[in-house]
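Have a look at the sequence and the structure first.

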Amino acid sequence: MKSTSALVTVILLALVSRARNEDDAHPCATVQASGSVVPLGSPVTATCVVRGDCPLVTGQAVRIEWRLGDRVLPAGPGAPESGLVSQVAIPSFNHTREFLTCCVQASPVQVVAGLEIRAGYPPEAPRNLSCQTNLTTPITLTCSWDPGQQETHLHTKYTLHTQICDSNENDTYEPLPGVHRYSIPRSGFVLFSNIHIYVKAVNELGEATSEAVDLEPVSAAKFDPPTIVRIQAVPRKYGCLKLSWNLSQQLAWTASLRLDLEVRLTPADGGQWGEQPILRSGVRTSRPVDLCRLLHGTRYLAQIRVRYQRGPWSEWSRSRSGVTLENAPAGRLDCWLKASRDRADKALDVLLFWKPSKQFRANGQNVSYTVVGKRNGKVCSTTRHYCAFRVSSRVKKVYLSAVNAVGKSSPTEVWIYPPGTREAVSNVTVVPRDDRSLLVQWKSQRSSNLTGFVVEWRPLLQTDPSSTQFELTDQNQTQLFIAGSLEPYKPYGISVYPRFKDGIGPPQTVDAYSREKAPSMVPKLQITKIWKSHVELAWDEIPLEQRNGFIQNYTVFYCDPKGHFQVANADPKERRVVLRGLNSESLYEAFLMVSTLGGSLNGSTVHFKVESFDAAAVVEIVTVAVVGLLLAGIGVVTTCFSDNKSLNGRFWPAVPDPANSSITRWTSQSTQDSNLALDKEEPNPMYLSHLSFLDIPVKPSKGDDDPWSSTAGDTSDLGESICGSPLLPDYSGSNSDSVPYATVVFSAPCSDPVPDDPQVYLRSESTQPLLETEESSSPKCCHNMGTVKMPDEQCFFGPSHDCVPETGEGGGTLWDDFPFLRALALNDTEND
C-alpha cells in the first residue's frame, strides 16, 4: 500500500509541475490550506481557485475534484457557482505526511494545484537530566536526558544550555540528531564551581524545556575503582582487620578530599558477599580503615568503592584477602550417631557424623576434630565431618571437640545407644521442587519418649560416608526442605529416623531424584527361548548411574514384514517378556523402549524368527539321547575293566590255539577255567577227554556226499573234517560260507559219574579257513624242518613245494618242536 501511495504521489507531482511549466507566470490554480504542518488528528480545510484563462478550462464546463493521496475527497458545501473555486474539509488528518491535490474534470483528469501536509506532535519536556564528571583524561562533564515516550513524527531539535554561576558565561551545545546525551569539554565548566544546566526541545509545533540541574562538577565525578594496598590482622585485637587503600595517580589532587568509603567482606570459603556493606564516611586516602566484629581466625575477601559527597559510587575494586587472629573454637557441634551391634564380640560399630551449628565458630584455619571416651582415651582424630569406630557395649557416651592451632572447643557430649526397634515414622514421601531441592514429608506416631527426628540424605552413586548429610528436627516437625547440595538426574537415598530419649528407632528410607530424564542407555534384547508360535526376550538391568530416574516401563515394540506393529509391556522387576501368536513364516523386528518420568529412549533393533518345530522338545530329546549314550558308555567301560570272570567269559571266551597247544596241557583245570558255567539253565559243560580224527581220502570222488551232511550223527566223522575237508580242492559242503576246523567232545573226568544231561558238541566256524590258502600263524612244516624230509602222513599244514613225502629215520626229533602233532601221530599209531 505504501509503494502504491508513493507512486501516485510522484505522478501527481509530475502533473502539477507540467501544468505550471505551461504558464509559469500565470499558474492555472492555487491551493490554500489552514496549515501545512498540523497536529496529528486535527481538522484541515483547503480552498482551490482555478483561473478563468487556464487552457485546461477554456470554452468548456469546469468541475473541480479533491484528492488526498490516491483517495478522492468530497467537495465541501457552499462552493461558488462559477465552478472555478472549490473548498474541502478534512475532519481528522491521520497521516503523518500526505499530498492534497486539486484536479479539473477534463479528458483526462488534470491536476492543476496541490500541497504537502505534515502532521505530528509538539515535543515533550526532556526528563531525568543528569550529569557525571569523568576525572580521567580527558576530563569531561557528560549530561544525558530522556526525550519522552511519545514520538513527535517531526524533526525535533535538542540543545543543552549551561551557565556557570560565578560568571555570566552561557554556552549552548547541540548533540547529533537522535542522540540524547552530550559531553561538555573541560573548558566549559569549573570543577569546584556550581553550574546551571537545562535542555530545550524544539520542533514545528512547539518547544519544551527540562528542569534545570545545579551541581558542582567535582561532586558529580565518578572516581576510578580504588586499590586495596594491604589487609592484615590487627595485633592483639581479635576479629579485626586493618585495610589500607589509595586512588590512581591521576587523582593525586584528591588526597585532601574527604570521601565516603564502602567495604564488603565475605569468608573466603563462603562464596557470597555480605548483604550490607560497611560504610566509612569522611575518610582520606592517607589513613587506613579498621574493620572489626569479624570471626576469629577466618580468611576474608574484601572489596571497596568510593564517592565524593552525593556523587555516584565508583566501581568495586579488585578483591584482596586477609586473616583475622585465631582463637580457640567456640560453640557446639550438631551430631548424629548410628550404632549397629556385633554379636560375635558383643561390641558396637559406631558411625558418628557432625556439622557446625549456627552458634559454632571454628576461629581458625586448620580445624580438626577428636572423639574421646572417658576410659579408652582418644577414639579417633580427623579433619573430616564423620568418624567410624568400635566400642564396647558398656561404653555409654563419647566426647567430640574441635581443635585448631590455638586450642580446642568445649566437648560436645554424644550418647551411644544400641539400635532400637520402636517405630515412630511412616509414609515417607519426597516431592521434587526444582533441579536442586526436595521436600521430604512423613507421618509421626505419638510416643511419650519421642524427642525429634533425623533426616539423612546421601547420593547412592557414592559410598564414601563423607557425602552423607543430615538435619535434626523437633518432634512437631513432619517435613523438611532439602536444597543446595543436590544434583539433577542423580539418585539419593533419604532416611527419616525417630529420636527417643533413650535411643534411635529404625528408619524409613526412600529413593528420590530432584529431576529425571530419559535413561542414558538401553540394554540389548536377548532371545532366550523360542517355541513354535512364541518367543521369550530378556535384557540386563540398566546400571544405576545411567538410569537418570526411576524406570517406569519396559516396552517391547515388534512388527512383521508387513509393518504391523504390536506392543508388549514388561514388569520392570522381571526384565523379560514373552511374545505370543507369532507366525513361523515371518521374520520379526523388535526393539526395547525404556521410560522414566523424565523421558524415554529406544534401543537397537533385533531380528528373530520362530521355528516350525518345537525347539524345546528337540532339546529334551537330544538331552535324553545324550544321557542314554553316556550311561551305555559307562556300562561298556565298566564291563571291559571288570574282574568278573563270568562276564569276561561271555563276551570274550578263551579259545585255545591248536598250533601252540599240547593235548597234555588240556587239563581239567585249564578247561574249567576257559569254560565256566554261565547259567544253571544252560547245559552242563563237559571236560575234554578225547580228540578224534577221521581218515579221508586225499582226492575223494565228486559223487561222494558232503561229509558234514552224511556224518552228522557220528562224532568221529565230525572230528575227521579238521584235516580232510579244508584240504580238498573240490570240497563243497552244505554250509559253504563257513569252514569247520575243530570238533570237540566233552566228557566228565573218570572219577565223576556220568552226567544226566546230554553231551554238548561245540563247533567253531569261521568264514576264513585257518589252513587253506591264507598264511597261517602256525609255521609250515618245511619252514621248521629245514632240509629234513618228512613222511607224507606228517604234513598237516597244507601243501608246500619243499614238502616231499619221505620215510626215514631221524624223524623223531621233528616232533619235539610240535608236541601237538606228536600227540596226533601217537593217536594214529594206536588206531593202526
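What follows is a short briefing, grouped by topic.

Keep in mind that this is a predicted model. The mean pLDDT of the protein is 77, and 71% of its residues reach 70 or more. Where pLDDT is low, the predicted coordinates should not be read in detail.

- Over residues 1-24, pLDDT stays under 50. The model has 18 contacts beyond four places in sequence for this stretch.

**Aromatic pairs**

- How many aromatic pairs does a search of the whole structure find? It turns up eleven.
- Take W145 and Y158: their ring centres sit 6.5 Å apart with the planes at 35°, so this pair is tilted.
- W145 belongs to strand β10 (residues 140-146) and Y158 to strand β11 (residues 157-164), so the pair ties together parts that are 13 residues apart in sequence.
- Are W145 and Y158 buried or exposed? Both of them are buried.
- Then there's W354 with Y369, whose ring centres are 5.5 Å apart and whose planes meet at 55°, so that pair is tilted.
- W354 is in strand β26 (residues 347-356) and Y369 in strand β27 (residues 368-373), so to speak of distant parts of the chain being linked here is to speak of residues 15 apart.
- W354 counts as buried because its relative accessibility is 2%. Y369 is buried too, with a relative accessible area of 5%. The cut-off for buried is under 20%.

**Charges over rings**

- What lies over the face of W316? That would be R264, at 4.2 Å from the ring centre.
- R422 lies over the face of F500, and here the distance from the ring centre is 4.3 Å.

**A closer look at S193**

- You'll find S193 in the loop between β13 (181-184) and β14 (195-203).
- Why does S193 count as buried? Because its relative accessibility is 13%, and buried means under 20%.
- Leaving aside residues up to four places away in sequence, S193 touches D166, L215, E216 and P217.

How values were computed
Residues numbered from 1 in each chain as written. Predicted model: local features only at pLDDT ≥ 70, side-chain atom pairs only at ≥ 80, totals over all residues. Heavy atoms only, no water. Helix = DSSP H or I, 4+ residues; strand = E, 2+ residues; numbered from the N terminus. Buried < 20%, exposed > 50% of the residue type's maximum accessible area, 1.4 Å probe, protein only. Contact = heavy atoms within 4.5 Å. pLDDT = per-residue confidence, 0-100. Phe/Tyr/Trp six-rings, centres within 6.5 Å; stacked < 30°, edge-to-face > 60°. Lys NZ or Arg CZ within 6 Å of the ring centre and 35° of its normal.
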